[in-house]
Amino acid sequence: VAMFGNVKVFRNSHFIPLGFTYQKYIPISDFSTLSDFRKEITMMEACVVEETLLEELAKLDQFNMKDTAQTYTFIDYYVDADNLRKDTLKLTYFSENEIRGTIELERPGVLFFSIPYDRGWHARIDDRDVKPMICNIGFIGFLLDPGEHTVELTYMPPLFMVSLAASIIGL
């Protein structure tokens, strides 16, 4: 793309978008036994979840630890990134505290956002309030059934209304 002194900037044509879908999951207890390198590879193929979510995620395939590649090449990365990009959120609106979009799935999956989990995030999927689940050790995800879905995420800092009321009273 550009060069700054002796630094070259490249464009990654195999990027992973903001909202993509995992078809597999791995319990955090299994994930924690992996080496750091294997953890990075595994997160390209499966969503890391707490054991408390295993029953809810029974519709999905559990990641098989035997499937971890002994070596991982750029070609493997390209294949994994392209697989993750198949079912992605089509954004209809985006701002710093609101995200809206649609997604159509042929099979169940976890819609993952690379947004850190915070109590201030609220979600509506198909006009129903949905509680975000914690995925990939601190990020937001939602289990979706097959079909077309509308997704709305909004952020309001926790205790914002209390702070606003206190400010108004103080004035």
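On a 1 Å grid over the protein atoms alone, a pocket is an open set of points where a 1.4 Å probe fits, with protein on both sides within 12 Å along at least five of seven lines, and its lining residues have an atom within 4 Å of a point. Grid points are joined across faces, edges and corners, and a volume is the space filled by probe spheres set on the points.

Please keep in mind that this is a predicted model, where local features need pLDDT of at least 70, side-chain atom pairs count only at pLDDT 80 or more, and totals for chains, interfaces and linings use all residues. Residues are numbered from 1 along each chain as its sequence is written, and side-chain values use heavy atoms, with hydrogens and water left out.

| Pocket | Volume | Lining by class |
|---|---|---|
| Largest pocket | about 340 Å³ | 3 nonpolar, 3 polar and 8 charged residues |
| Second largest pocket | about 220 Å³ | 6 nonpolar, 2 polar and 6 charged residues |

Let us begin with the largest pocket. Its lining has 14 residues, and Thr21, Gln23, Asn83, Leu84 and Arg107 lie nearest the centre. Two elements give two or more residues to this lining, β3 (19–22) and α3 (74–84); helices (H or I, at least four residues) and strands (E, at least two) are DSSP runs, numbered from the N terminus. The most comes from α3, with 3 residues.

The second largest pocket is also lined by 14 residues, and the closest to its centre are Ile125, Arg128, Val130, Leu143 and Leu144. Here β11 (128–130) and β13 each supply at least two lining residues, and β13 has the largest share, with 4 residues.

**A closer look at Leu143**

Leu143 belongs to strand β13 (residues 139–144). With 21% relative accessibility, Leu143 counts as partly exposed (buried means under 20% relative accessible area, exposed over 50%, and partly exposed in between, with a 1.4 Å probe and protein chains only). Beyond its neighbours within four places in sequence, Leu143 is in contact (heavy atoms within 4.5 Å) with Glu56, Leu57, Leu60, Gly109, Val110 and Met133. Lys59 is 84 residues from Leu143 along the chain, yet their C-alpha atoms are separated by 9.5 Å.

**Aromatic rings**

The structure holds 8 aromatic pairs. Rings of Phe, Tyr and Trp (its six-membered ring) pair if their centres lie within 6.5 Å; planes under 30 degrees apart count as stacked, over 60 as edge-to-face and the rest as tilted. One of the pairs is formed by Phe113 and Phe142, edge-to-face at 6.2 Å centre to centre and 80 degrees between the planes. Phe113 lies in strand β9 (residues 109–116) and Phe142 in strand β13, so the pair ties together parts that are 29 residues apart in sequence. Phe113 is buried at 0% relative accessibility, and Phe142 is buried at 1%. Elsewhere, Phe20, Tyr22, Phe112 and Phe139 form one aromatic cluster.

**Cysteines**

How many disulfides does a search of the whole structure find? The search finds 0, where a disulfide is a pair of cysteine sulfur atoms within 2.5 Å. Cys47 is in no disulfide, and its nearest cysteine sulfur, that of Cys135, is 3.6 Å away, which is too far for a bond. Cys47 is buried, with a relative accessible area of 0%, and Cys135 is buried at 0% relative accessibility.

How values were computed: Ala, Val, Leu, Ile, Met, Phe, Trp, Tyr, Cys and Pro count as nonpolar, Asp, Glu, Lys and Arg as charged, and the others, Gly among them, as polar.
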